[in-house]
Amino acid sequence: MAITQLSAFLENVPGTLCNALAAITAADVNIRALSVADTKDFGILRVIVSDIEKTKKALSDKTIIRETQVIAVKMNDKAGALNNILSILNKAGINIEYVYAFTGAVEGNAYVVLRVDEVEEAESILNRNNIITLNDNDINEYLK
């Protein structure tokens, strides 16, 4: 049930991020979640989008693009919800490489993207603990 995240490697110069997002917009793709990590010379744009193939095509002449399977978790929008999820994974010995959050249209819900070393195992552990994980279709339905 993992979701597909696209990572685009962007040169860290003025206008590069804006141009990448403009290309996604021109392809009529909705960005569901976004994260940017940077170093001195380049940045990594990580996106969850409404249309993976259109996004890859829109960015293919501008950058290197990688697909990564990540976990998207639905949680209550309240203090401690993320800590609960991380604690469950920690107890199971699951390594978390990075995390970023996003919100949806339903009041009281929040969502978090987790990049872990064992996607299927982590999803199974979360589901056994009554934590809802999403797939690519869910993302488009939940976040309309």
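How exposed is glutamate 67 in relative accessible area? Partly exposed, at 43%. The terms first: buried means under 20% relative accessible area, exposed means over 50%, and partly exposed is in between, with a 1.4 Å probe and protein chains only. The areas come from the Shrake-Rupley method with that 1.4 Å probe, and for residues only the protein chains shown count as cover.

Now the ground rules. This is a predicted model, where local features need pLDDT of at least 70, side-chain atom pairs count only at pLDDT 80 or more, and totals for chains, interfaces and linings use all residues. Residues are numbered from 1 along each chain as its sequence is written, and side-chain values use heavy atoms, with hydrogens and water left out.

Salt bridges next. Side chains of opposite charge can pair when their charged atoms come close. The cut-off here is a side-chain nitrogen of Lys or Arg within 4 Å of a carboxyl oxygen of Asp or Glu. That rule gives 3 salt bridges.

Start with glutamate 67 again. Its partner is lysine 56, with the closest N and O atoms 2.6 Å apart. Glutamate 67 sits in strand S4, residues 64-76, and lysine 56 in helix H2, so this pair ties together parts that are 11 residues apart in sequence. A word on elements: helices (H or I, at least four residues) and strands (E, at least two) are DSSP runs, numbered from the N terminus.

Lysine 56 also bridges to glutamate 53, at 3.5 Å between the closest N and O atoms. Both of these residues lie in helix H2, residues 52-59. They are 3 residues apart, about one turn of the helix. Glutamate 53 is exposed at 52%. Lysine 56 is partly exposed at 24%.

The next bridge is glutamate 97 with arginine 115, closest N and O atoms 3.8 Å apart. This one links distant parts of the chain: glutamate 97 in strand S5, residues 96-103, and arginine 115 in strand S6, 18 residues apart. Glutamate 97 is partly exposed at 45%. Arginine 115 is partly exposed too, at 22%. Back to shared partners: Glu53, Lys56 and Glu67 are joined into one network.

On to helix H1, residues 16-26. Which of its residues are buried? Thr16, Ala20, Ala23 and Ile24. The face turned away from the buried side carries exposed Cys18, Thr25 and Ala26.

Asparagine 30 is partly exposed at 39%. From asparagine 30 to threonine 55 is 25 residues in sequence, but 9.4 Å in space, C-alpha to C-alpha.

Last, surface patches. They take residues with over 30% relative accessible area and no salt bridge, joining like charges within 9 Å and nonpolar side chains (Val, Leu, Ile, Met, Phe, Trp, Tyr) within 5 Å. Phe9, Phe42 and Ile64 make a nonpolar patch of about 260 Å². Phenylalanine 9 belongs to strand S1, residues 3-11. Its relative accessibility is 32%, so it counts as partly exposed.

Asp117, Glu118, Glu120 and Glu121 form a negative patch. Lys and Arg count as positive, Asp and Glu as negative, with His and the chain ends not counted. Each charge is placed at NZ of Lys, CZ of Arg, CG of Asp or CD of Glu. Aspartate 117 is in the loop between strand S6 (109-116) and helix H4 (119-128). Aspartate 117 is partly exposed, at 39%.
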